[in-house]
Amino acid sequence: KALQKKLFFTLFALIFFTCISLSKLPIFLVVEVIAFEFVGCVCFQFPLKMSSSDRLFNRQRTVHQILGGGLVADLMLWRQKNLTVGILVVTLAAWVVFERSGYTLLSLVSSVLLLLVAILFLWAKSAAILNRPAPPLPDLYLSEEMVNEVAAFIRDRVNALLSVSQDIALGKDSGMFLKVAAYLWLISVIGSLTDFLTLGYTSLVIVLTIPALYEKFEDHIDRYVSMGYRKLQKLYVRFDVDCVGKVRKWILEKKKLS
C-alpha cells in the first residue's frame with residue numbers, strides 16, 4: 001500500500017505540472033525545481049543498491065555516458081547548475097515575452113537588432129568626436145573553411161533524411177514507416193493541445209529535469225519499473241490463456257466442424 005501511494009503521488013504530480021504547462025499558465029522555475037525535488041524526497045526515502053542486470057534494458061553504462069558524456073550531458077544532469085539555471089531562466093523570459101507581450105519572433109529580432117545597431121552607431125560617432133576608442137567589435141568574417149564544414153555537415157544530414165524518405169516512399173522499410181507515422185501522429189495530437197512556444201518550453205523543462213531526477217533516484221525507479229514490467233508480463237500471460245486461448249480453441253472447433 002505504501003508503494004502504491006508513492007507511485008500514485010508521483011504520477012499525480014507529473015500530470016499536474018504537465019497540465020499546467022499545456023494550459024499556457026506561467027511556470028516558475030523555482031516552483032518547478034522545488035516541486036520535483038519534493039516529489040523525489042517523498043517517494044524515494046531509503047537507499048537501494050541494484051545490480052546491472054536489474055537496470056532498465058540491462059544497461060551497463062551510466063546515464064551520463066548514455067547522454068554522450070559531454071557538455072550537453074552535464075547540462076541535462078545539472079553538473080553545471082549555473083548554466084542550466086541560466087538556460088531555464090532565459091527560456092522562461094522568452095516564453096513570457098512572446099506569450100504575454102504580444103511580440104512575434106520577427107518583431108522582437110528586428111527591435112533588438114535596431115537597438116543594437118543604433119547603440120553601436122552612436123557609440124562610434126561619439127568616440128570619433130571625443131577622441132575615444134571605437135566599439136570593440138570582433139572581425140565579422142566567415143572563413144571559407146568554416147563555410148565548407150557547415151555546408152558538408154548540412155549536406156550529410158539532408159542526404160540521410162532524403163535516403164530514409166525515399167525508402168519509406170518506395171515501401172522498402174515498413175518499420176521506419178510505422179515509426180515516422182506514429183511520431184507524426186503524436187506531434188499532431190500534441191500540437192492540437194498547445195502552441196509551439198509552450199510546447200518548446202515544456203519540452204526543455206522536461207529534458208532538464210527528468211534525466212537529473214532519474215540519475216538521482218535511478219535505483220528506486222528501475223526497481224519500480226521492473227516490478228511493473230513483471231506484473232504486465234503476468235497480465236499478458238493470463239490474457240493469453242483466458243482470452244486468446246479460448247478464441248484459438250473456438251476457431252479450431254469451427255474448422256473441425258466445417
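The legends below describe close-up views of a predicted model.

**View 1. Spans annotated as transmembrane region.** The UniProt record, an unreviewed entry, places the annotation "transmembrane region" on residues 7-23, 82-98 and 104-124. In the predicted model, residues 82-98 are 100% helix and 0% strand, with the end C-alpha atoms of the span 24 Å apart. Residues 104-124 are 95% helix and 0% strand, and here the end C-alpha atoms are separated by 30 Å.

**View 2. Thr84 and its contact with Leu75.** Thr84 belongs to helix 5, which comprises residues 81-100. With a relative accessibility of 1%, Thr84 counts as buried, because the cut-off for that term is under 20%. A polar atom of the Thr84 side chain lies 3.0 Å from the backbone oxygen of Leu75.

**View 3. Helix 7 and the glycine that follows.** Helix 7 has 26 residues, which at 1.5 Å a residue should span 38 Å, and the distance of 36 Å between its end C-alpha atoms agrees with this expectation. After helix 7 comes Gly171, which has a positive phi, near 75°.

**View 4. A nonpolar patch on the surface.** The patch is formed by Leu142, Met146, Val147, Val150, Phe153, Ile154, Val158 and Leu162, which together have about 750 Å² of accessible area. Leu142 sits in the loop between helix 6 (105-129) and helix 7 (144-169), and Leu142 is exposed, with a relative accessible area of 59%. In an α-helix there are 3.6 residues a turn, so residues three or four places apart point the same way.

Conventions
Residues numbered from 1 in each chain as written. Predicted model: local features only at pLDDT ≥ 70, side-chain atom pairs only at ≥ 80, totals over all residues. Heavy atoms only, no water. UniProt positions renumbered as here; feature names shortened; annotations may be inferred. Helix = DSSP H or I, 4+ residues; strand = E, 2+ residues; numbered from the N terminus. Patch = residues over 30% accessible without salt bridge, like charges linked within 9 Å, V, L, I, M, F, W, Y side chains within 5 Å. Areas by Shrake-Rupley, 256 points an atom, 1.4 Å probe, with all protein chains shown as cover. Salt bridge = Lys/Arg side-chain N within 4 Å of Asp/Glu carboxyl O. Buried < 20%, exposed > 50% of the residue type's maximum accessible area, 1.4 Å probe, protein only. Expected span 1.5 Å × (residues − 1). Polar contact = N/O pair within 3.5 Å; in protein donor to acceptor, adjacent residues only side chain to side chain.
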